[in-house]
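Thanks for making time this morning.

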Amino acid sequence: MSIETVRNYLRERGLADRIIEFSQSSATVELAAAANHCEPARIAKTLSFAVGDECILIVAAGDAKIDNAKYKVRFGTKAKMLAHDEVPVRVGHAVGGVCPFAIKEGVHVYLDQSLRRFETVFPAAGNAASAVRLTPDELERASEAEGWVDVCKGWQI
């Protein structure tokens, strides 16, 4: 999928005008923070995991890390990230542009509590040189998330 697919997806939700395209890469938290002129914590990174035969995405703040104990309590299994080459096949976006929008059918999206402390956050928008500026509530609606989870550590209010 591509930024155009994400643009069409967000257009249907009245949010396409929030997409920001960059002339430089925004593929990592640090690069995205520099491109968006914000602190790294406000980058809404999208992490992809295998849970049995299913694929889930967890969108978390840029300064948060998965807490394996919390993850296992919530999802009933050890956190197993998808391999680099599995991500586009199972999610629909390549690493660096993974986002919770316009994803493959059957992929489940969860938002981590670490995002709630910000007025706006910046998830990717389908490629490695884009973002979309959203409030956490807008992100929840646009991503059609299954809910908020508390599976990260390393962040503070």
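Which side chain meets that of glutamate 21 in a salt bridge? Before I answer, please keep in mind that this is a predicted model. The partner is arginine 7, with N and O 2.7 Å apart, and the pair links distant parts of the chain, since glutamate 21 sits in strand E1, residues 19-21, while arginine 7 belongs to helix H1, residues 3-11, 14 residues away. Arginine 7 counts as buried because its relative accessible area is 14%, which is under the 20% cut-off.

Glutamate 138 is buried, at 14% relative accessibility, whereas arginine 18, at 28%, is partly exposed.

The other, between glutamate 86 and arginine 90, has its closest N and O atoms 3.8 Å apart, and here both residues lie in helix H4, residues 86-90, separated by 4 residues, or about one turn of the helix. Glutamate 86 is partly exposed at 28%, and arginine 90 is partly exposed at 24%.

Let me now turn to the sheet. It is an open sheet of 5 strands in the order E6-E2-E3-E5-E8, with mixed pairing, and its edge strands are E6 and E8, the latter covering residues 148-149, each of which pairs on one side only. Strand E2, residues 43-51, pairs with E6 in the parallel sense over 2 bridges, and alanine 44 stands opposite proline 123 in E6. Helix H5, residues 136-143, packs on this sheet, touching E3, E5, E6 and E8, and its direction makes about 170 degrees with that of E5. Helix H2, residues 29-36, lies across E2 and E6, running at about 150 degrees to E2.

Finally, where does arginine 117 lie? Its place is in the loop between strand E5, residues 108-112, and strand E6, residues 122-123. The side chain of arginine 117 makes a polar contact with that of aspartate 63 at 2.4 Å, and also reaches the backbone oxygen of serine 114 at 2.8 Å. At 24% relative accessibility, arginine 117 counts as partly exposed.

Notes
Residues numbered from 1 in each chain as written. Predicted model: local features only at pLDDT ≥ 70, side-chain atom pairs only at ≥ 80, totals over all residues. Heavy atoms only, no water. Buried < 20%, exposed > 50% of the residue type's maximum accessible area, 1.4 Å probe, protein only. Polar contact = N/O pair within 3.5 Å; in protein donor to acceptor, adjacent residues only side chain to side chain. Pairing = 2+ DSSP bridges. Contact = heavy atoms within 4.5 Å. Axes fitted to C-alpha atoms, helices over the stretch in contact; angles between N-to-C directions. Salt bridge = Lys/Arg side-chain N within 4 Å of Asp/Glu carboxyl O.
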